Amino acid sequence: MNQNKPKLFDIKHFPMDAGRFLCAPMYIWFNVRRRYLSPEAKKKLRTGAVVVANHSGFSDPLIVGCTFWYRRMFYLAAEVVMKKKGFGKLLKAMGCIEIDRNICDMEAIRKTISLLKEGHTVTIFPQGGINREDEMQGIKSGAILMAMQAKVPVIPLYIHNRDSSDKRNCVVIGNPVTEHISDSGMPSMNDIEKATQKVFDSMMECRSLYEKEFGGKSSDNG
């Protein structure tokens with residue numbers, strides 16, 4: 001497993017670190033409630049990892065950032081979002097990696113794997129876009145393949161966005177998935193499919209825990 005740790009201070013990530021500092025008040029605004037599948041899931045991330053989560057709203061990246069506030073968090077962002085004037089440059093400075101979902105975007109893949117090998121954490125929403133119906137019928141395998149190539153764990157999440165400002169956002173964090181990490185060379189399609197299914201099953205476990213605790217309803221004020 002890749003055990004590299006990112007530098008606490010890195011000049012090339014200064015705009016991102018400055019942005020994180022200036023946006024600190026949003027931690028209070030988003031008021032994220034965290035739940036964990038086990039004590040293992042509760043351990044802080046110290047080395048490279050791919051975070052995967054369901055995607056039901058525009059605020060999901062910010063919620064993930066608040067959840068892992070102690071780490072620089074990079075994100076894969078769709079080309080259509082990154083191409084917006086001014087906004088795209090801001091997103092890039094804040095750690096977003098532009099990816100064209102319509103092709104096998106090798107440049108974005110290389111950047112992501114490089115960051116993971118340096119010990120950074122990258123969030124990917126593997127459903128392929130926002131799904132406001134909150135249905136989880138499967139995930140794409142790209143995130144898992146990149147984790148395989150960088151030899152880092154995958155951290156599954158389930159995000160439940162609050163319905164109103166007096167409610168709390170809730171994130172359930174699953175156990176790190178590491179079965180895909182191997183030194184045996186290029187994985188087979190069967191290996192990739194099995195690893196992808198494992199991660200999806202873990203995301204469903206996170207969702208089940210949320211539904212068990214809150215009955216499938218929005219989290220309360222507690």
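Okay, housekeeping. Residues are numbered from 1 along each chain as its sequence is written, and side-chain values use heavy atoms, with hydrogens and water left out. Since the model is predicted, local features need pLDDT of at least 70 and side-chain atom pairs count only at pLDDT 80 or more, while totals for chains, interfaces and linings use all residues.

Let's start with the pockets. What I call a pocket comes from a 1 Å grid over the protein atoms alone: it is an open set of points where a 1.4 Å probe fits, with protein on both sides within 12 Å along at least five of seven lines, and lining residues have an atom within 4 Å of a point. For volumes, grid points are joined across faces, edges and corners, and we take the space filled by probe spheres set on the points.

So how much space lies in the largest pocket? About 1,400 Å³. Its lining has 48 residues, and Tyr75, Leu76, Ala77, Ala78 and Phe125 are the ones nearest the centre. Several elements give two or more residues to that lining, including helix H1 (14-22), helix H4 (60-67), strand S3 (73-78) and helix H8 (142-150). Helices and strands here are DSSP runs, H or I of at least four residues and E of at least two, numbered from the N terminus. By class, the lining of the largest pocket splits into 33 nonpolar, eight polar and seven charged residues. In that scheme Ala, Val, Leu, Ile, Met, Phe, Trp, Tyr, Cys and Pro are nonpolar, Asp, Glu, Lys and Arg are charged, and the others, Gly among them, are polar.

Now the second largest pocket. It has a volume of about 480 Å³, and 22 residues line it, with Lys92, Cys96, Ile97, Glu98 and Lys111 nearest its centre. Among the elements giving two or more residues to this lining are H1 and helix H5 (79-82).

Buried means under 20% relative accessible area, exposed means over 50%, and partly exposed is in between, using a 1.4 Å probe and protein chains only. The buried ones in H4 are Asp60, Ile63, Val64, Gly65, Cys66 and Thr67.

On to the rings. The structure holds four aromatic pairs. Rings of Phe, Tyr and Trp (its six-membered ring) pair if their centres lie within 6.5 Å; planes under 30 degrees apart are stacked, over 60 edge-to-face, and the rest tilted. Trp69 and Tyr70 are edge-to-face, 5.7 Å centre to centre with 85 degrees between the planes. Trp69 is partly exposed, at 43% relative accessible area. Ring pairs also bring Phe68 in, linking Phe68, Trp69 and Tyr70 into a cluster. And Tyr70 has a charge over its face: Lys44, at 5.0 Å from the ring centre. The rule there is NZ of Lys or CZ of Arg within 6 Å of the ring centre and within 35 degrees of the ring normal.

Then there's Tyr158 with Tyr210, a tilted pair, 5.8 Å centre to centre and 50 degrees between the planes. Tyr158 sits in strand S6 (residues 154-160) and Tyr210 in helix H9 (residues 189-214), so the pair ties together parts that are 52 residues apart in sequence. Tyr158 is buried at 2% relative accessibility, and Tyr210 is buried at 2% too.

What about disulfides, how many do we count? Zero, where a disulfide is a pair of cysteine sulfur atoms within 2.5 Å. Cys170 is in no disulfide; its nearest cysteine sulfur, on Cys206, is 10 Å away. Cys170 is buried, with 1% relative accessibility, and Cys66 is buried at 3%.

Last, some single residues. Lys151, in the loop between H8 and S6, has a phi near 60 degrees, a positive value in a residue other than glycine. Most residues other than glycine have a negative phi. Lys151 is partly exposed, at 28%. Val52, in strand S2 (residues 49-53), is buried at 0%. Thr47 lies in the loop between helix H3 (39-42) and S2, and it is buried at 13%.
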